[in-house]
Amino acid sequence: MTTTESRPAGTSADPPTGKQFVKFSFFRLRDDVRAAPPADRAALASELTALIERSAERMLTRTYSTVGTRADTDFLIWQVSDDLGEIQDWHGALLGSDVGPALQRSHSFLSMTMRSIYSNPLHAGAGGRDRLRDDGGTADYLFVYPMVKTKAWYQLPQAERQAIMNEHIAVGHKYHDVQINTTYSYGLDDQEFVVAFEADNPGRFLALVRELRTSRSTSYTERDTPMFTCRRQSPDELMRSIGLRG
């Protein structure tokens, strides 16, 4: 299990600084749009696909279906860019398109990548990442949730927090087939972190979270919901999944 929440012990560096902007945008297709004639839905599918392709030309863009996993959202667009303005401009184009009124924006999380302040005792020779992988994502599923730590967590001495994180990291490394992308939202959005796990098997992620619930770090979690189970799909597959194409 790789994590941005780790850095080799003994590494000296300037305080970590945010690098990339990360945007998790969850959308729901309005029911009246889904009931529209096939030709109208197909036109919206073509426009939404073109917008997603335009995003992929400018920044790392991944698409996921949440159909059948939640009632309040149908799909996720995950975007990563070095320039926040680039993300904002794309969303402005979406709102100004014919697709904009057809969608409800049910959830939205903004964060940045940043190297962790915690060392990883299990990987003393490798540093944590301050940029997300650019392979476009290879796992079948993505599990996303915002997280907020308690005020008491930040009052603990650094050495005690590191010891608690050591336990947390040890549990995570037992699930080497689950990869975590931790991004940071301090001052940017309501949550403090956005955590995105990639895995091919949802049951493995369930087992990981169940085991983490017994770790000491959980007692310092104030909020870690809502949780989203997302299935990786190409834009064309996504259009069929959400009902814009037959």
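## Helix 5 and its surroundings

In this predicted model, the buried residues of helix 5 are Arg161, Gln162, Ile164, Met165, Ile169, Val171, Gly172 and His173. These buried residues pack against two other helices, namely helix 4 (151–155) and helix 6 (202–212). Helix 5 itself covers residues 158–173, and its 16 residues reach 22 Å from the first C-alpha to the last, close to the 22 Å expected at 1.5 Å a residue.

## The chain as a whole

Of the 246 residues in the chain, 50% are buried. When contacts between residues at least 6 apart in sequence are considered, 82% of them join residues that are at least 24 apart.

## Packing of helix 2 with helix 3

Helix 2 (residues 38–58) packs with helix 3 (residues 84–95) at an angle of about 170°, and the axes of the two helices are 11 Å apart. Because angles over 145 degrees count as roughly antiparallel, helix 2 is described as roughly antiparallel to helix 3. On the side of helix 2, the contact is made by Leu48, Leu51, Ile52, Arg54, Ser55 and Arg58, while helix 3 contributes Glu86, Trp90, Ala93 and Leu94. Sorted by class, this contact has 6 nonpolar, 1 polar and 3 charged residues.

## Salt bridges

Side chains of opposite charge can pair when their charged atoms come close. The count for this model comes to 13 salt bridges. One of them is formed by the side chains of Glu160 and Arg216, at 2.6 Å from N to O. Glu160 lies in helix 5 and Arg216 in the loop between helix 6 and strand 8, so this pair ties together parts that are 56 residues apart in sequence. Both partners count as partly exposed, Glu160 with a relative accessible area of 26% and Arg216 at 39% relative accessibility.

A further salt bridge joins the side chains of Asp177 and Arg204, at 2.9 Å from N to O. Asp177 is in the loop between helix 5 and strand 6 (179–184), whereas Arg204 is in helix 6, and the pair therefore ties together parts that are 27 residues apart in sequence. Asp177 is partly exposed at 36% relative accessibility, and Arg204 is likewise partly exposed, with a relative accessible area of 26%.

## The loops on either side of strand 8

Arg213 forms a salt bridge with Asp224, in which the closest N and O atoms are 3.3 Å apart. This pair links distant parts of the chain, with Arg213 in the loop between helix 6 and strand 8 and Asp224, 11 residues apart from it, in the loop between strand 8 and strand 9. The two partners fall on opposite sides of the 20% limit for burial: Arg213 is partly exposed, with a relative accessible area of 42%, while Asp224 counts as buried at 15% relative accessibility. Elsewhere, salt bridges that share partners join Arg28, Asp31, Arg34 and Asp74 into one network.

The loop between strand 8 (221–223) and strand 9 (228–232) also holds Pro226. Most peptide bonds are trans. The peptide bond from Thr225 to Pro226, however, is cis, with omega near 5°.

Note on methods:
Residues are numbered from 1 along each chain as its sequence is written. This is a predicted model: local features need pLDDT of at least 70, side-chain atom pairs count only at pLDDT 80 or more; totals for chains, interfaces and linings use all residues. Side-chain values use heavy atoms; hydrogens and water are left out. Helices (H or I, at least four residues) and strands (E, at least two) are DSSP runs, numbered from the N terminus. The expected span of a helix is 1.5 Å times one less than its number of residues. Buried means under 20% relative accessible area, exposed over 50%, partly exposed in between (1.4 Å probe, protein chains only). Contact means heavy atoms within 4.5 Å. A salt bridge is a side-chain nitrogen of Lys or Arg within 4 Å of a carboxyl oxygen of Asp or Glu. Axes are lines fitted to C-alpha atoms, for helices over the stretch in contact, and angles run from 0 to 180 degrees between N-to-C directions. Angles under 35 degrees count as roughly parallel, over 145 as roughly antiparallel, 65 to 115 as roughly perpendicular and the rest as oblique. Ala, Val, Leu, Ile, Met, Phe, Trp, Tyr, Cys and Pro count as nonpolar, Asp, Glu, Lys and Arg as charged, and the others, Gly among them, as polar.
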